[in-house]
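Work through the following exercises with the sequence and the model at hand. Each task is followed by a solution in steps.

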Amino acid sequence: MSEASAHVVHHGPPTTFIRKHVFSLDHKVIGKQYYALALVAVFTGMVLSWIMRIHLVWPNAPIPLLGALSKAGAPGGIVTPEYYLSLMTMHGTLMVFFVLTNAPFAAFGNYFLPIQIGAEDMAFPRFNMMSFWTTFIAFCILVAAFFVPDGPPMAGWTSYAPLSAVGKDAGPGEGLGQTLWGLSIFVFCIASLLGALNFIATTLDLRTKGMTLARMPIVSWAWFITSCIALLAFAVLMPACLLLILDRVAGTSFFIPSGLNISDHLQPHQGGSPLLWQHLFWFFGHPEVYIAILPAIGIVSHILINSMRKPMLSHKAIIYCMMGIGFLSYMVWGHHMFLSGMNPFSALVFSFPTLMITIPATIMTLIWLGSLYGSNLRINAASLFSLGFISMFVSGGVSGFFLAQPSIDIYLHATYFVVGHFHMVMGVAAIFGVFAGTYFWFPKMTGRMMNERLGRLHFWLTFIGTYCIFMPFHYLGLAGNVRRYSAFTDDFLVPLIPIHKFITYAALFTGAAQLIFIFNLIYSHAKGAIAPANPWEATSLEWSTPSSPPPFDNFGGVHPVVYHDPYQYGVESSTGDYLMQASPERAGETP
Amino acid sequence: MRTSKFGVAVLIATLCPALMFGGTISGKVTYTGTPVKQKPIDMSKEPSCAKQHNPPITTETVVTGSNNTLENVVVYISAGADDANAPAQAVTFTQKGCQYTPHVIALHTGQELQVVNADQTSHNIHPLAKVNREWNKSQPPGSPNIQEKFDQPEFISVKCNIHPWMHGWFAVLKTNHVSISKDDGGFSLPNLPAGKYTVTAWHEDYGTQTQEVTITGNETKAIDFSFKAKAY
Amino acid sequence: MGGKLFAVIVIVIALASAVPIISHTFLGASVRPPEDISTHGSDIDKQLDETMIEAGLSFLAAQLVLGFFVWRFGGRKNGPLKNFPGGAKYLVIAAVLFVGTEAIALGALGTKAWGKVFFQPASADALPIQVQAGQFAFYFRYAGPDGKFGVIHPEKIDEGNSNFFGLDPENDVAARDDIQSGEFVIPVNKEIHLMMHAKDVGHSFYVRELRIQQDFVPGLDLSLHFTATKVGKYEIVCTQLCGLGHYNMRGYLNVMSQEDFDKWLKSQSNS
């Protein structure tokens, strides 16, 4: 179908404060709410990582305020072994779910997908509101786990059974805290499924006249593909969490075999399989990491095209690569389980598609690089973070190439090599996508410009800082440094502590640099320079709205008509070297 | 009148010393048969502790002295004495060289327990209480002493979650009349007013035995306990 | 200006990142796998080296091209727009052919090393030793002179009394001569069949110098086999999050000459 003409059920402009800012049906408000929640989550997750890094290199130094916050977890301010693991668990859970699924996908997608396709709102505004508030409830349940008497969960964000399934015999933090974790993620899955449904229906049904699927901007394609992945992935995680909760409170044995003696307590369960949890979890978990990166790929590609003032060599190739990655992401989950005790032949079966993912990843990288050639690349905070994304995506992707091979994984599994790999792709590259999107779209969302100098400073410090933090993780991994250790007391680990000290200093420095971003966000909101309607001279529909921020129905009662593909750059027009999608003007020569 | 006054005076004069000093039940705990040889403890996973024990220490399930004496037997008054109150003083249990010292401690219900970590490694003490509330607490080096109380009488097996070989016992009792035998097997329960008492001797592996003893004045009643060693 | 600065920084970072890989040290510590004392490890090391070369060259090439292009075209105003020669087509072909072949080749080569560890069972005359992983220590069991392992009774486990495996020597004759040890003592140049048992939750067995790693899964009978080629003491560490003491869960592999091993085994029987 070339375009769809279904219209969202009109809702009038909100009048009350509650309807405007709290229980809003407006996708733009909901997008900002997701962004705010992600900000709170990322700040919390970052502070947790600071405590972890400080404890690792100065284990005997009391950490100020921590002793008061958690008497059991940090008596006298000294982090106990279980509290370190709890901090790590909450760090991972907050970052993967509440930051990396929320910010690039739910926040920016909610705000800009409807506008980029020319719609008034999402297909299901009420579902949309429910999605956000359900996510918020999930967040509250997770944070509540910090305050239960037995402590927050400590089984990692991966929550492997039976450690996570048997209850408090397994250790402190494995009481109510772990159950709350399962409940929080279960609720998060509901929210994500609603959100994915909304994105898919909106993309397929609400495109305005002239907006064929082929004319959708690359970032809208990214959100669409991501929501297709999310629909299947979260649908598997949700029952998995339910089964985990049942094992914990209802005496079932989905994940627990018989004959376990845990801390002198014989477990009554029998018949379950710990590997079943791993399969269910990673069947979700691997697509999840692509849910985290694909929107960032879309955002960065979208911004780079605008910055280069010329289309990608083939942005369609990038879209096909994203589809290919989405498809392959469902075939590779076992590469997290090469050494798990699965039939070793299956390692080869999972390794092959994992290695195949390098193909679309390489195609995208070569197209980005090739497109830079012969461009008029504008340098600003948004484009710098996009270029930094390419650098990080290469670094993180290359280390994945090692881990995809089972024989090498024998040595590198569960070392800091793995931690370095996923932090570079998720913890840095995806976040760079969020930063780039923020600098790029802030003028449209608020009507003001962010401070460009502070933005560049933020970039330089963060780019250098994150390389200083995460590149050494790979060296540690090559030395065999095991992960998830709360202390480095083993003979072979002690000589590596100077590297850990270097990393800790880099982490604290880079963390502090983020204050520049926070300051810029808050200050620019209030006092930033008033933004022109199209400060980046961009083409997609969000820059055609009558105001910044857009009016409640996005286009002021008008349904825009689309005349061009999304990347008419390097053409002669009355506006300059570009043609907006909604402009009926005809294109000039393209090079 | 005069006789009864005199009688009361004599009674008081006789009773006073008994009230002030009382009788004593004491004796020795021994075993018959051949106890299982205690096994050496491999602490190689914790070098900072392993190097403190050369030769390695052994398990302390059955600790004996010369002349077949049995150590670490908790001997206490299980009936016949007032329950009394918990002493204000705390009982200390120390983790040193990845070993609990002493192996067995006795404390009154409600009496404060102080757990000290004297090692350079973290410990996580886990009293496996079945009647009292079960808990475990981590103690990194440099963190404060753990202070806890138990409300119910119970013999609680104590382990360290981090170092599996560490093992000890808390004898939580309703009485302050308790004595734990040392390597000479001896025990002594002084300050007992006249009355009929049940004396219980508890050993962590060989079980429990009781004897009835009557104290009439300030005498010392000698009783012995003899446990049968187990083959396995 | 920003473009040139970006180019310089990204190139410096790329080159600086490569230095510890080439020199194998960073901040005074060795950052390479330790010496290999196994019979299968050389295949893994070769695979690692080849991957490092290919990945390293790809990494450097991409970062250098990124830096170079940003230097050249960053901040360029109103220059004539040009497309990369050949456009997307040749880049796609290059990616599919070059990367695809490289990936398949490395994957295929790697199956040899993987197969040596996991596809073949232990040989019939390998020395069987059992390891039990439990919060938070490894304990090893040798069958003793009768060559039979006693039955494990989880309810009889009594760690304070050194009955780590829950053996019942009173009623189970085969258990009477089983030797338990906190150290993993093995003879050099002899294949070991390591049978893995999980007492409570998931754990993992990792000896860097042996180039082996394998999870313990409660409820599953898993095993590893390997041959150590050099006498010495090597650390065994747990690599699967198993609770608060995970960081402290380690043991020592003690590889001895056959003669010393026989003496050691005999001394354990006598005690």
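This is a predicted model: local features need pLDDT of at least 70, side-chain atom pairs count only at pLDDT 80 or more; totals for chains, interfaces and linings use all residues.

**Exercise 1. The form of chain C**

Task: Describe the secondary structure of chain C, and decide whether chain C is spread out or a compact globule.

Solution. 
1. Count the elements: chain C holds 4 helices and 12 strands.
2. Compare the radius of gyration with the globule rule. The value for chain C is 26 Å, well over the 18 Å that the rule gives for 271 residues, so chain C is more spread out than a compact globule.
3. Look at the spans along the principal axes: the C-alpha trace of chain C covers about 90 × 35 × 35 Å.
4. Check burial: of the 271 residues in chain C, 56% are buried.
5. Check the contacts in chain C with a separation of 6 or more: 70% of these come from residues 24 or more positions apart.

**Exercise 2. The interface of chain A and chain C**

Task: Work out how many residues the contact takes from chain A and from chain C, and what area the two chains bury between them.

Solution. 
1. Chain A contributes 104 residues to the contact and chain C contributes 100.
2. The buried area is about 8500 Å², with 73% of it on carbon and sulfur atoms.
3. Polar terms come next: 25 residue pairs are in polar contact across this interface, both residues being at pLDDT 80 or more.
4. Sorted by class, the side of chain A that touches chain C has 69 nonpolar, 25 polar and 10 charged residues.
5. The interface of chain A and chain C also has 2 salt bridges.

**Exercise 3. The interface of chain C and chain B**

Task: Repeat the analysis for chain C and chain B, and find which strands of chain C each supply at least two residues of the side that touches chain B.

Solution. 
1. Here 20 residues of chain C are in contact with 21 residues of chain B.
2. The area buried between chain C and chain B is about 1800 Å², and carbon and sulfur atoms give 50% of it.
3. The polar count is 9 residue pairs in polar contact, both at pLDDT 80 or more.
4. The strands asked for are E4 (137–142) and E12 (250–256) of chain C.
5. On the side of chain C that touches chain B there are 7 nonpolar, 8 polar and 5 charged residues.
6. Between these chains there is 1 salt bridge; B:Lys159 and C:Glu159 form it, 3.9 Å from N to O.

**Exercise 4. The surroundings of B:Ser44**

Task: Is B:Ser44 buried or exposed, and which residues of chain C does it touch?

Solution. 
1. Locate the residue: B:Ser44 sits in the loop between strand E1 (23–32) and helix H2 (47–50) of chain B.
2. Apply the cut-off of under 20% relative accessible area. B:Ser44 has 16% relative accessibility, so it counts as buried.
3. Within chain B, the side chains of B:Ser44 and B:Asp42 make a polar contact of 2.6 Å.
4. Leaving out residues up to four places away in sequence, B:Ser44 touches C:Gly182, C:Glu183 and C:Tyr252.

**Exercise 5. Placing the salt bridges**

Task: Which parts of the structure do the salt bridges of A:Glu174, A:Asp490 and B:Lys159 join?

Solution. 
1. Over all chains, 24 salt bridges are found. One of them pairs A:Glu174 with A:Arg248, the closest N and O atoms being 4.0 Å apart.
2. A:Glu174 lies in the loop between helix H6 (125–144) and helix H7 (176–205) of chain A, and A:Arg248 in helix H8 (residues 218–249), so this pair ties together parts that are 74 residues apart in sequence. A:Glu174 is buried at 0% relative accessibility, and A:Arg248 is buried at 14%.
3. A:Asp490 is in the loop between helix H16 (452–478) and helix H17 (497–527) of chain A, while C:Arg250 is in strand E12 of chain C, so the pair joins two chains. A:Asp490 is buried at 0% relative accessibility; C:Arg250 is buried at 5%.
4. B:Lys159 belongs to strand E12 (residues 154–160) of chain B and C:Glu159 to the loop between E4 and strand E5 (179–181) of chain C, so this pair joins two chains. Both residues, B:Lys159 and C:Glu159, are buried.
5. B:Lys159 and C:Glu159 are also part of a network of salt bridges with A:Asp264, C:Lys199 and C:Asp200.

Conventions: Residues are numbered from 1 along each chain as its sequence is written. Chains are lettered from A and ligands numbered from 1 in the order in which they are written. Side-chain values use heavy atoms; hydrogens and water are left out. Contact means heavy atoms within 4.5 Å. Buried area is the accessible area (1.4 Å probe) that two parts lose on being put together, summed over both. A salt bridge is a side-chain nitrogen of Lys or Arg within 4 Å of a carboxyl oxygen of Asp or Glu. A polar contact is a pair of N or O atoms within 3.5 Å; within protein, one must be able to donate a hydrogen and the other to accept it, and residues adjacent in sequence count only if both atoms are side-chain atoms. Ala, Val, Leu, Ile, Met, Phe, Trp, Tyr, Cys and Pro count as nonpolar, Asp, Glu, Lys and Arg as charged, and the others, Gly among them, as polar. The radius of gyration is taken over C-alpha atoms; the globule rule is 2.2 Å times the number of residues to the power 0.38. Buried means under 20% relative accessible area, exposed over 50%, partly exposed in between (1.4 Å probe, protein chains only).
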